[in-house]
Amino acid sequence: MARSALTMTAATFTAAAALLLTACGGDDSSPDDIEGAETGTASPSASASTPGTADVKRPDVSLPEDLKLVFDFEKPSDADAAAALGDAANYIRALNHAITEQNVKDPAYGFYSAAGAARYAESQIQEYVDGGWTLTGEDRYYQAETSPVGEGKKAKSILVTFCEDQSKAYGKEVKTGKVHRTEESLTSYQKFSLLMAPQQNSPVWRAQQITVEGKATECRG
């Protein structure tokens with residue numbers, strides 16, 4: 001059972017980016033100040049070994065032994081781009097952690113997301129919980145790219161894109177443990193676009209908006 005694709009028009013995504021930049025424009029503002037944005041709090045007990053920027057307590061995003069996430073990402077030379085890419089990966093880890101924990105209100109994905117990205121994560125987790133599904137196998141992410149959004153000296157939002165190969169990741173029934181294996185096809189490939197934003201007085205970057213393109217031909221091969 002693959003995660004659902006989420007399509008957002010370019011105009012809508014651009015508008016969301018513009019709204020985010022407006023919220024980040026003042027000295028006292030942060031991505032959390034966006035009207036209508038959903039926020040989450042971190043678990044007080046965080047894993048020190050969680051990948052990402054140091055000097056902050058981060059929630060547990062560990063996974064069962066039968067599920068492996070592979071991030072074939074090259075670390076950008078720019079520090080902000082590297083941090084945004086690292087926390088985009090942590091958002092994916094947190095989403096999978098919540099699915100395997102069968103916890104729609106798991107604090108981890110709320111730590112790494114807000115607004116549309118948080119709503120997407122919650123909807124995906126809810127689908128798995130309602131269906132009695134979890135995940136197993138190997139899920140691979142690759143071809144990551146980062147690009148700054150906006151201008152000026154202040155910390156920019158960064159658009160992170162990457163591909164996903166789900167051909168070796170499978171749905172598993174929670175009650176029976178039965179694994180439903182599927183053959184590799186174009187539906188195995190998705191392309192993610194995440195609008196990442198820095199938080200005030202914190203090294204954590206949060207996913208604000210997300211698009212997921214299903215049957216991504218550019219990710220296959």
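Is the link of C163 and C219 left-handed or right-handed? With -70° about the S-S bond, this link is left-handed.

1. **Reading the model.** The model is predicted: local features need pLDDT of at least 70, side-chain atom pairs count only at pLDDT 80 or more, and totals for chains, interfaces and linings use all residues. Residues are numbered from 1 along each chain as its sequence is written, and side-chain values use heavy atoms, with hydrogens and water left out.

2. **The disulfide.** One disulfide turns up in a search of the whole structure (a disulfide is a pair of cysteine sulfur atoms within 2.5 Å). It joins C163 to C219, with 2.0 Å from S to S. Because C163 lies in strand β3 and C219 in the segment after β6, the pair ties together parts that are 56 residues apart in sequence. Helices (H or I, at least four residues) and strands (E, at least two) are DSSP runs, numbered from the N terminus. C163 is buried, at 1% relative accessible area, and C219 is buried at 1% relative accessibility. Buried means under 20% relative accessible area, exposed over 50%, and partly exposed in between (1.4 Å probe, protein chains only).

3. **The nonpolar cores.** The largest nonpolar core has 40 residues, and Y91 and F162 have the most contacts inside it. A core here is a set of buried Ala, Val, Leu, Ile, Met, Phe, Trp, Tyr and Cys residues joined through side-chain atoms within 4.5 Å. Elements supplying at least two residues each include β1 (67–72), α4 (115–131) and β3 (157–173). Helix α2 gives the most, with 12 residues. Apart from this core lies another, of five residues, among them Y142, C163, Y189 and A216.

4. **The aromatic rings.** Seven aromatic pairs are counted; rings of Phe, Tyr and Trp (its six-membered ring) pair if their centres lie within 6.5 Å, and planes under 30 degrees apart count as stacked, over 60 as edge-to-face and the rest as tilted. Y141 and F162 are edge-to-face, 5.8 Å centre to centre with 80° between the planes. This pair links strand β2, which holds Y141, to strand β3, which holds F162, 21 residues apart. Y141 is buried at 0% relative accessibility, and F162 is buried with a relative accessible area of 0%. The rings of Y141 and F192 have centres 6.2 Å apart and planes at 70°, so this pair is edge-to-face. F71, F73, Y141, F162 and F192 form one aromatic cluster.
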